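Subject: Structure handover

Dear colleague,

I am passing on the structure we spoke about, together with some notes on what was found in it. Please look through it first and then read on.

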Amino acid sequence: MNLTLKIWRQKNKQDKGRMETYPVSNISGDMSFLEMLDVLNEQLINDGKEPVAFDHDCREGICGMCSLFINGEAHGPGREITTCQLHMRSFKDGDTIHIEPWRAAAFPVVKDLVTDRSALDRIMNAGGFVSVNTSGNTIDANTIPVPKADADKAFDAATCIGCGACVATCKNASAMLFTSAKVSQLALLPQGKVEAHDRVLNMVHQMDLEGFGNCTNTGACEVECPKGISLENIARMNREYLSASVTGE
Ligand code: SF4
Ligand code: FES
């Protein structure tokens with residue numbers, strides 16, 4: 001199929017940026033969206049032009065790097081898939097496709113479609129871990145019983161890949177879905193209980209410092225999340241936060 005691409009080009013953080021138009025032809029429906037961009041970049045390089053910068057790594061829905069806003073939707077059309085899992089058969093011959101980077105004050109554009117999402121790493125650094133005694137007397141994790149229902153919910157929360165689609169799609173640029181998934185994956189397990197109060201207070205504090213907006217329960221994040229992370233996690237984080245604030249621990 002032949003397509004017209006309208007792509008955001010921005011030299012660096014300071015550049016104002018603009019949309020530019022590129023035709024691409026002979027695109028197979030079996031190509032992934034990123035492979036289609038590879039074809040465009042080969043064409044640009046052959047023409048002596050600057051290729052479009054975009055993020056990617058695993059190309060199989062695991063790393064969360066391929067963060068593109070496609071025709072106004074985070075990760076494009078389709079549910080519970082990342083951009084690298086989006087195939088060109090989702091589009092029709094002659095289509096015009098608009099491709100933009102994530103838009104959020106906390107995710108500044110580095111170049112073209114690449115944004116700096118290190119704010120999410122700093123939220124993790126603030127508390128997204130458990131401290132483990134590795135002195136040689138560590139208790140085997142399997143000796144601590146965990147109810148199956150809790151283990152399943154913790155696992156579901158842990159499938160968050162930190163892509164930032166929830167932030168990009170939220171009108172408030174809120175990072176509540178991401179942060180709540182990272183709080184929940186530990187809060188649900190006995191191993192996470194020891195530091196639970198500090199964790200939720202510190203992670204929410206860091207989230208606010210980074211300039212993410214507040215949650216107003218629109219639910220857009222859950223709809224666009226490629227891993228189907230549930231809003232239930234936000235409710236759990238709010239309960240954890242309230243409990244930690246009231247007890248002051
Ligand atoms: S909650 Fe979903 S949309 Fe948000 S960072 Fe995690 S995987 Fe991406
Ligand atoms: S490139 Fe890793 S999730 Fe898409």
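Predicted model: local features only at pLDDT ≥ 70, side-chain atom pairs only at ≥ 80, totals over all residues.

As for its geometry, helix 5 reaches 15 Å from its first C-alpha to its last, which is close to the 16 Å expected at 1.5 Å a residue.

Ligand 1 is surrounded by 14 residues, and the closest of them are Cys160, Cys163, Ala165, Cys166 and Cys225. Helix 4 (165-169) and helix 5 (176-187) each supply at least two residues of this shell, and the largest share, 3 residues, comes from helix 5. Sorted by class, the shell around ligand 1 holds 11 nonpolar, 2 polar and 1 charged residues.

Turning to the overall layout, the protein is divided into domain 1, which covers 3-111, and domain 2, which covers 118-247. The C-alpha centres of domain 1 and domain 2 lie 29 Å apart, and the contact between them takes 18 residues from domain 1 and 17 residues from domain 2. On the side of domain 1 that touches domain 2, there are 10 nonpolar, 5 polar and 3 charged residues.

Glu80, which is found in the loop between strand 4 (73-74) and strand 5 (96-100), has a positive phi of about 55° although it is not a glycine. Glu80 is partly exposed, because 13 other C-beta atoms lie within 10 Å. Asn217, which lies in the loop between helix 7 (196-209) and helix 8 (220-224), likewise is not a glycine and has a positive phi of about 55°. With 10 C-beta neighbours inside 10 Å, Asn217 counts as exposed.

With best wishes

How values were computed. Residues numbered from 1 in each chain as written. Chains lettered and ligands numbered in written order. Near = placed C-beta within 6 Å. Helix = DSSP H or I, 4+ residues; strand = E, 2+ residues; numbered from the N terminus. Nonpolar A, V, L, I, M, F, W, Y, C, P; charged D, E, K, R; others polar. Domains from an automatic or database assignment. Contact = placed C-beta atoms within 7 Å. Expected span 1.5 Å × (residues − 1). Buried ≥ 20, exposed ≤ 12 C-beta atoms within 10 Å, placed from the backbone.
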